[in-house]
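Q: Hi, I have a structure open and some quick questions. Can we go through it together?
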Amino acid sequence: MQRGLKAVSAAALTVALMAIAACSSGGSDGQEGQDPASATGTLRVVVPNFPANNEGQAVFQGIVDIFHKTYPQMKVEPDFVPYDNLNEKISTSLAAGNNYDVVSAGIGWVQPLADLGAIQSLTKLGVSTEDLQKSVYPAFVPPMKYQDDLYAVPIVANPRLLAYSKSAFAEAGLDPAKPPQTLAELREDAKKLTKRDGKGQITRTGFDFWAPASNYRQQFVAFMGAKGGEMFTADGQPAFNGDQGVQALQLIHDMVTVDKSSRYGYQNSAKTALVTTGEAAMGFVSPYVDCSTGGDGIGAKCKDLVYFNLKDSKEVMYVGGRVAAVGEGTKYPKAALAFVKAMQDQKSQEAISKLDVGVPISNTAGDSEFVKSNPAGSFAWKNLDKAIFEYGGATFLDFRSKFGPSLDEVILGRKSPHDALKELDAVARK
């Protein structure tokens with residue numbers, strides 16, 4: 001049960017889970033039949049990557065305000081943590097027999113957390129797969145499931161879009177109205193778009209992967225998906241070790257190391273997508289590009305950007321995102337579920353989207369001013385049905401930590417794509 005998360009001692013975890021099982025008692029709040037308006041207690045909510053500043057506090061308080069419309073007397077205690085510390089926080093809480101009531105995490109965390117016993121079945125709390133499919137894009141439902149039960153609901157999608165500069169295309173002699181359709185075309189266009197000085201140094205990147213070192217996983221999934229491949233099968237078996245995976249990884253190597261149309265691991269000081277600043281002619285971007293003329297906005301540059309999907313063997317868009325779940329063993333499952341639903345509220349989705357640089361997951365969000373007002377967000381939302389994800393069963397988080405560095409070995413020419421993916425396949429099957 002410790003697969004995928006930071007290990008706690010077997011004895012401590014056994015004691016913790018026995019205590020959780022005793023507290024859970026079939027999903028009762030311990031206040032059976034009590035009106036939510038008079039219910040009391042404190043919900044502990046762990047929220048990764050919410051900034052502990054005024055903006056983060058305000059977004060969280062907005063969710064609490066929605067929750068308080070139903071449970072006005074319940075207190076809410078947030079724990080804002082970086083994703084890097086989420087493993088430790090959850091494991092420590094479990095070992096202490098004091099699990100969180102509500103857990104927010106990423107899409108790839110659902111199955112490992114369910115396997116660990118950190119979150120509980122929402123199906124048993126009355127959340128149906130059918131209802132969820134009606135409220136979000138159906139593609140987002142399978143990643144929420146573990147052993148055929150729902151264990152989480154998606155809150156915000158975090159796609160990685162592809163974009164290019166029309167002016168850079170025109171300057172390079174490419175048609176600004178014709179984005180690359182295949183990975184082969186992407187590679188050739190990136191070569192033509194790369195600008196160098198007299199010494200051969202890049203002055204404008206042809207293609208920006210928007211990835212620091214050891215973090216090319218998502219980009220690999222996107223390229224492999226365009227070839228028709230996937231990371232894992234529906235039953236959690238690794239599927240990346242095939243021709244599509246080899247071809248995708250070979251392409252990333254060729255663009256970075258052979259063509260040198262992309263700089264390995266390079267990011268600007270603000271860690272923003274280079275195509276939005278003019279430092280790259282084409283590349284990955286977020287679905288929330290600030291088009292304002294003040295602050296961090298890029299102003300008129302927004303009109304120069306075109307968003308597109310690759311249409312090689314299959315049209316896809318890589319998507320990550322935030323989910324919310326009810327903690328196993330909570331004394332307040334009904335209140336915890338109400339808080340999860342408050343996070344699903346349209347206003348909450350929009351506010352969290354700004355923090356997560358994402359887009360609302362609701363299948364009605366396309367009519368909102370929030371989505372309509374942002375070209376990147378509008379493109380992302382309209383293409384969520386083409387989502388391809390990075391997740392894969394109970395051991396996924398442990399596997400993922402090894403995946404990025406292994407891809408680097410190929411990108412830098414130290415190992416062949418076939419050998420690296422074969423080794424990763426063996427790791428994934430352990």
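Q: Leaving aside neighbours within four places in sequence, which residues is Asp-259 in contact with?
A: This is a predicted model. In it, Asp-259 contacts Arg-187, Lys-191, Arg-196 and Asp-254, leaving aside its neighbours within four places in sequence.

Q: Where is Asp-259?
A: Asp-259 sits in the loop between H9 and helix H10 (274-277).

Q: Does Asp-259 count as buried or exposed?
A: Buried, because its relative accessibility is 15% and the cut-off is under 20%.

Q: At what angle do the axes of H7 and H9 cross?
A: At roughly 5°. The axes of H7 (residues 183-193) and H9 (residues 243-258) come within 11 Å. So H7 is roughly parallel to H9.

Q: Which residues make that contact?
A: From H7, Leu-183, Leu-186, Arg-187 and Ala-190. From H9, Leu-251, Asp-254, Met-255 and Val-258. By class, that contact has 6 nonpolar, no polar and 2 charged residues.

Q: New topic. How many residues of helix H8 are buried?
A: 9 of its 10 residues are buried, so H8 (residues 217-226) is mostly covered. Among them are Phe-220, Val-221 and Phe-223.

Q: What comes just after H8?
A: Gly-228, which takes a positive phi of about 100°.

Q: Now Tyr-100. Where is that one?
A: Tyr-100 lies in the loop between helix H3 (83-95) and strand S3 (102-106). Tyr-100 counts as buried, at 2% relative accessibility.

Q: Which side chain does Tyr-100 join by a polar contact?
A: That of Asp-79, at 2.6 Å. Tyr-100 also touches other residues beyond four places away in sequence, including Arg-44, Lys-89 and Gly-327.

Q: What separates the C-alpha atoms of Tyr-100 and Leu-43?
A: 7.8 Å, though the two are 57 residues apart along the chain.

Q: Last topic, rings. How many aromatic pairs are there?
A: The count comes to 30 aromatic pairs. In one of them, Phe-60 and Phe-339 have ring centres 5.8 Å apart and planes at 40°, so the pair is tilted.

Q: Where are those two in the chain?
A: Phe-60 is in helix H2 (residues 54-68) and Phe-339 in helix H11 (residues 333-344), 279 residues apart. Phe-60 is buried, with a relative accessible area of 4%. Phe-339 is buried too, at 0%.

Q: Which aromatic cluster includes Phe-60 and Phe-339?
A: One formed by Phe-50, Phe-60, Phe-67, Tyr-71, Phe-80 and Phe-339.

Notes:
Residues are numbered from 1 along each chain as its sequence is written. This is a predicted model: local features need pLDDT of at least 70, side-chain atom pairs count only at pLDDT 80 or more; totals for chains, interfaces and linings use all residues. Side-chain values use heavy atoms; hydrogens and water are left out. Axes are lines fitted to C-alpha atoms, for helices over the stretch in contact, and angles run from 0 to 180 degrees between N-to-C directions. Helices (H or I, at least four residues) and strands (E, at least two) are DSSP runs, numbered from the N terminus. Angles under 35 degrees count as roughly parallel, over 145 as roughly antiparallel, 65 to 115 as roughly perpendicular and the rest as oblique. Contact means heavy atoms within 4.5 Å. Ala, Val, Leu, Ile, Met, Phe, Trp, Tyr, Cys and Pro count as nonpolar, Asp, Glu, Lys and Arg as charged, and the others, Gly among them, as polar. Buried means under 20% relative accessible area, exposed over 50%, partly exposed in between (1.4 Å probe, protein chains only). A polar contact is a pair of N or O atoms within 3.5 Å; within protein, one must be able to donate a hydrogen and the other to accept it, and residues adjacent in sequence count only if both atoms are side-chain atoms. Rings of Phe, Tyr and Trp (its six-membered ring) pair if their centres lie within 6.5 Å; planes under 30 degrees apart count as stacked, over 60 as edge-to-face and the rest as tilted.
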